[in-house]
Amino acid sequence: MIYLDHAATSFYKPETVAQAVFEAMGTMGNCSRGTHGAALKSARVIYETRALLSELFHGDGPEQVVFTANSTQSLNMAIKGILRPGDRVVTTAAEHNSVLRPLYEMEKQGVELVITGCIGGELGQLDYEALEAAITPGTRAVVMTHASNLTGNRMDIRRIGRKCRETGAVFMVDASQTAGVFHIDMEEDLIDILCFTGHKGLMGPQGTGGLCIRKDITLRPLLTGGSGIMTYEKEHPGVMPTALEAGTLNGHGIAGLRAALLYIKEQGIDRIRRREQELAFYFYDQVRRIPEVRIYGDFSQKERAAIVSLNLGEEDSGQVSDFLAQECEIYTRSGGHCAPLMHQALGTKEQGAVRFSFSHFNTEEEADQAVQALKKYLE
């Protein structure tokens, strides 16, 4: 098996991740639900993971890191926790449905939604001038991805962060494709709320994710209930991070995420990113020479996510992906990738695209086999 679907979930993970989850299942109790050793072990592991994430993203401290199950939950918490009827929010055509669908829901409740487009045809470049023009005084929030899960194009979040700070808009960034691979500095990038998942570039278990929130930003909680503290109060505690973490946390998964973060810290983000990009460009340089191949995204941009999305002539992307899986045991992603507006911008709404996404654990030999498999399909 050759796994080239890491933009969906990282399949190859450090061995220490599985070891940490296994150990946690035999040693960790419920964080904040007792003072015995098992509960305290859970509390320590979870706090250490918050601290590692705050350090990684240059956040405002461990208490401003909130755990969720994934980016979708994080984005819902951020969007629905900030916006109210009558507010104005700006986003882009490059977004995943985890951003778009909550925003469409808020639009039905009276929020003004502005979506700016992309330019460059199959390059799928963000229209920065239109985006900046849309961020007017009075705009409540801007939500955008750090890198497209379809094209791999990386966005200039610092540029948009400056515009948000000038106008007073809350800046929310979806780091699903970049957390753990690209340097993200909430202070320098002027990010107010960073949403991330643990199971992609951070190489943690599925069911982990979170938000890093600037201290002067307050979100209405999406859920209320058990917290382990202030039991006799009728309202959910307002102290962070408990304010946004009703119910039992996924302590076992967070233990695995902690192990992954320690691995990333040891290896270095730059080393991981460079290796992923080397593999993606190695693959790209070969497939772009195949006459029938159409590639999407701006590959003049060297600092980009390790994603190569393509089509073979007019062939259905699902049929191509199925052939790769069934005949060659090469696993990719086809179809719409939960990015409907980006597919419209690229002109691939009906055909979809076959997405190859690389990990630093992949090899040149695997990329070569993927190229040969595409040629085999054409034959």
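1. Two strands pair if DSSP finds at least two bridges between them; strands (E, at least two residues) and helices (H or I, at least four) are DSSP runs numbered from the N terminus. The model is predicted: local features need pLDDT of at least 70 and side-chain atom pairs pLDDT 80 or more, while totals for chains, interfaces and linings use all residues. Residues are numbered from 1 along each chain as its sequence is written, and side-chain values use heavy atoms, without hydrogens and water.

2. Strands E11, E12 and E14 form an open sheet in the order E11-E12-E14, with antiparallel pairing. Because E11 (293–296) and E14 (354–357) are edge strands with a single partner each, one side of each has no neighbour in the sheet.

3. E11 is joined to the antiparallel strand E12 (residues 307–312) by four bridges. The bridge partner of Ile-295 in E12 is Leu-310.

4. Helix H8 (residues 269–287) lies across E11, E12 and E14 and runs at about 20° to E12. Helix H9 (residues 317–328) lies across E12 and E14, at about 45° to E14. Contact means heavy atoms within 4.5 Å; axes are lines fitted to C-alpha atoms, for helices over the stretch in contact, and angles run from 0 to 180 degrees between N-to-C directions.

5. The axes of H9 and helix H11 (residues 364–378) come within 10 Å and cross at roughly 110°. The contact is made by Gln-319, Val-320, Phe-323, Leu-324, Glu-327 and Cys-328 of H9 and by Ala-373, Leu-374, Lys-376 and Tyr-377 of H11.
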